[in-house]
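Visitor: Hi! Could you walk me through how some of the domains in this model touch one another?

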Amino acid sequence: MTVIIEPTKCIGCEACVSACPFGAIEMVDGVAKINDKCTECGACVEVCPVEAITRTERAKTEEVSPEDYRGVWVFAEQRDGQVMNITLELLGEGKRLAETLGVELAAVLMGDQVESKVPELFAYGADIVHLVEDTELKNYRTESYTAVLAELIKKYRPEIMLIGATNIGRDLAPRLAGRIGTGLTADCTELDIDLEQRLLQQTRPAFGGNLMATILCAQNRPQMATVRPGVMKKLIPDSCRTGKIIRTPYQKDQVNVRTRILEVVKEAGRVVNLEEAQIIVSGGRGVGSQEGFAVLEELAQKLGGVVAASRGAVDAGWVPASYQVGQTGKTVHPKLYIACGISGAIQHVAGMQNSGLIVAINKNPNAPIFKVADYGIVGDLHQVVPLLIEALAEEGKPDLSCQVESAAAQE
Amino acid sequence: MKIIVCLKQVPNTNEVKIDSKTGTMIREGVPSIINPDDKNALEAALQLKEEKGASITLLTMGPPQADYALREALAMGADRAILLTDRAFAGADTWATSYTLAQAVKKIGQFDIIFCGRQAIDGDTAQVGPELAEHLDIPQVTYVKKILAVEKDKVVVERALEDGYEVVEAQLPVLLTAVKELNTPRYPSAYGIVAAFDEKEVETWTAETIGGNPEKLGLKGSPTQVKRSFAPKAKEAGVIIKGTAKEAVQVLRQELLAKHVL
Amino acid sequence: MDFELTKKQEMFRTLFQEFAEKEVAPKAFEIDENGEFPWDTVKKMGKLGFLGLPFTKEYGGAGADTLTYIMAVEEISRACAATGVILSAHVSLGCHPIYQFGTPQQKEKYLVPMAKGELLGAFGLTEPNAGTDAAGQQTAAVLDGDAYILNGTKIFITNGGCADVYIVFAMTDPAKGLKGISAFIVEKGTPGFTFGPKEHKMGIRASSTTELIFQDCRIPKENLLGKEGDGFKIAMQTLDGGRIGIAAQALGIAQAALDECVRYTKERQQFNKPLSNFQAIQWMIADMATDIDAARFLVYRAAVLKDKKKPFSKEAAMAKLFASEAAMKHTVKAVQIHGGYGYMKEYKVERLMRDAKITEIYEGTSEVQRMVIAGNTLK
């Protein structure tokens, strides 16, 4: 594709200049001109009032025949033999895509003695499970897992490959895409099918969440995407569902693994599983200090939730990076998100805007957080939060956390 | 020891503002910086240089203005800087970018470690590092949060996981991607800045310099294309609860109870 | 005429801003409150080469230009004016006279470690009876064999007690008046050289200000800076340069006041709208911004003239006069804009207002600057 501005038609209105997300259009002698930064996204085409901008399809440089590739695949990430939550989310989304395309959904499960997990994958939507078992596949290794997946893809030719955007998935997916020579879209938050062209529309935030981009992989297969945990919906498991198991042996001698795991350490203390938390009390720069988080911790405990933080608080060293919610941290979708002393920079909002209900407590009435909040209280969090704790105690419900848990169980 | 540090000049996305009327990004006046994670990568290399002795070559692909980012990295203490700049590189996705970098690394010659940042704040893909390692057929360790040992033929590092970390030993040559927990990047010194502009060079390499298959460069070599970009939809504003703090928390409690979130 | 910084200067400016924000600003409140000299920050500045910015590499300097050094004082003062004056007094008053007038041996022995930040410098001219009228020097230096014997007292000496090297002025030939003044390099620890107690000041409280007391203090002959009788010339030329430094300090303070007001007026609501929506406030902000830019151009021009080795005495005086008066005027306004909060120590503008006052006084009062400017203009 190429984007061309017809200089004789251009009226110099500069509408395209401000519409361009990449700063790729400059005004030269009163006429818009496209520079090197152009990614051919076509954002300018739509805004031009005089149709001076056109986008033409790029000549096809066929490397594969897309029609030879069929089916949607999901990488079934497991750790310590447990199927990760993201895998179930990918199955849910993968199922939807597969049904739209009229194809089967397959999961690739690697590990050591993990066959017992196959029914779970079927229950959550897989039609086929590719099972590769070997003691050497017990833990994720870049080189062994890449080799297995690359071979399976070459053999079975799926059109779509989804991988969770976890620390493992984001290590594996690019290595695999590099090897296969196909495109990869990182950290997608929305997937869709353009049936007419039979293409996967992969939407993801960029520029710190300031911009959403929809990305296509037109010529190469499979179309690969890593998907942000906590965004896609799992299916309601159906334990009656079953499917086909395809076993493939691990060709140990064909893989050169040049790394070795010496030790796996689970971080001591309370593991913050923000992605799965139902209630989150989050603190930002306004908390003021490490000690300031104590009152948030108290509120979180009272509500049966967990504490999180914005990048500001993490950068200040008050809480570890694993607590960070936002574009460069975690994406969360609790039922209740209470933002305390968080200004609401777009990077933060990107990670929490899908929360069920957002409450913001901030001194500054103009803080952008109030724009995304359902309820806002303008005030000093160090004053408001203790009052809130007090108010909740009045209710005479000594253990709210149980209530939340039982509510969750009923779902 | 020979180290290559890959870095990217990015707009400081923290300072990007949104035009409240059109919902589009205001890019004007947004300063360009060295991608933060890449600074951690560079710092790791600089520490190795101080401890073990090493030469550090910087590698970046970008427009001519990226010279500035390389100068800053030179000011921090790197020895050599290479800027890959050519119209042919424009519009590259991560695959084409990593292919281009791989060609350049091959031209640089023998090396022991390539350091990259985990991901860039403009694209947030975290893909170029692993794809580069694949193109070069060397092992990779991503999300490196601590370097425990660097020996003649191997490194031992801690790789961050969501719920802890793993200790990984990798053979050299290796590609490591750095997370911000790895270290605190140093300031360039005044001596360093003067040296970076007055004494050190930034070499400019083009598509011709690095060779390889021109079909795999830039937009042409990119399997992915941006179809459309748009401003994220903003959530509708809610209500500000008025009154004293005491009154406000009571109203909030009632609302939360009414909505069954408590 | 070009108002753009070079890429190198731009990188320096970013470095100073980052350093000021991360290393200087977080300590500013506490060191002001406790009157505590920021040794830690000074050591860090030394390591990064800030203490020798405008000197060539052969003398341990960074080899940057005066404008770059001036931006360092500005940006650091914007975070903490006390730290800014420590830098300015060291570079402009402590190092510069040796750089300009020292012998190769003096430069090797003193300037090199000073520029590297290993030794801190200071400047002793003012006396109880010789402030604005510097010619009234009563400190005397008498040659006795291979040494001069110093007797007398200097007052209000910035970096006093903390500095390792002092440029001290004394009368070697009282009969010659101004031409009888000489300059000496005096090391801390020389027998007969002691300090008065640290002064309690209104502002720049973290900087150290003391008396220097000389009682039969023997200074080796080779520590005479320049020739006998060169002292007044050395002092005046040094102060010309120093004034650009103080002007930059004032500029930094004024800029900080504006920064605070912009932030505060956008946040603070009265009558259901932010303060920044009120015209009375907007006009104050507009005046502030305009004066600060005017001050900046004056200060930078003086620095560029100095770099180009052109006369800059008048321009330095103008820069200092305008920048310091702008800093005073607008920090008072800034407190006013903040209302009751501005009077409280928790708000930075309270400190800014106290810090601003000294810039109208030291290294030549506003009245002296007007004398210099008028003298040059009516010449």
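This is a predicted model: local features need pLDDT of at least 70, side-chain atom pairs count only at pLDDT 80 or more; totals for chains, interfaces and linings use all residues.

Visitor: What classes of residue sit on the domain 2 side?
Guide: Where domain 2 of chain C touches domain 3 of chain C, its side has four nonpolar, three polar and one charged residues.

Visitor: How many residues are in contact, and what area is buried?
Guide: Eight residues of domain 2 of chain C are in contact with nine residues of domain 3 of chain C. Between them, these two domains of chain C bury about 630 Å², with 72% of it on carbon and sulfur atoms.

Visitor: Which three residues of domain 2 supply more of its buried area than any other three?
Guide: Those are T132(C), M202(C) and I204(C), which supply 70% of the area that domain 2 of chain C buries against domain 3 of chain C.

Visitor: Let's switch to chain A. What does the assignment give there?
Guide: Chain A has domain 1 (2-56), domain 2 (66-254) and domain 3 (274-410) in the domain assignment. The centres of domain 2 and domain 3 of chain A, taken over C-alpha atoms, are separated by 33 Å.

Visitor: What about the area those two bury?
Guide: Domain 2 and domain 3 of chain A bury about 820 Å² between them, and 43% of it is on carbon and sulfur atoms. On the domain 2 side, G208(A), R228(A) and G230(A) supply 48% of the area buried against domain 3 of chain A, more than any other three residues.

Visitor: How many salt bridges and polar contacts are there?
Guide: Between domain 2 and domain 3 of chain A, the rule finds zero salt bridges. The count of residue pairs in polar contact between these domains of chain A is one, with both residues at pLDDT 80 or more.

Visitor: And the classes on the domain 2 side?
Guide: The side of domain 2 of chain A that touches domain 3 of chain A has three nonpolar, five polar and one charged residues.

Definitions and conventions: Residues are numbered from 1 along each chain as its sequence is written. Chains are lettered from A and ligands numbered from 1 in the order in which they are written. Side-chain values use heavy atoms; hydrogens and water are left out. Contact means heavy atoms within 4.5 Å. Buried area is the accessible area (1.4 Å probe) that two parts lose on being put together, summed over both. Ala, Val, Leu, Ile, Met, Phe, Trp, Tyr, Cys and Pro count as nonpolar, Asp, Glu, Lys and Arg as charged, and the others, Gly among them, as polar. Domain bounds come from an automatic or database domain assignment. A salt bridge is a side-chain nitrogen of Lys or Arg within 4 Å of a carboxyl oxygen of Asp or Glu. A polar contact is a pair of N or O atoms within 3.5 Å; within protein, one must be able to donate a hydrogen and the other to accept it, and residues adjacent in sequence count only if both atoms are side-chain atoms.
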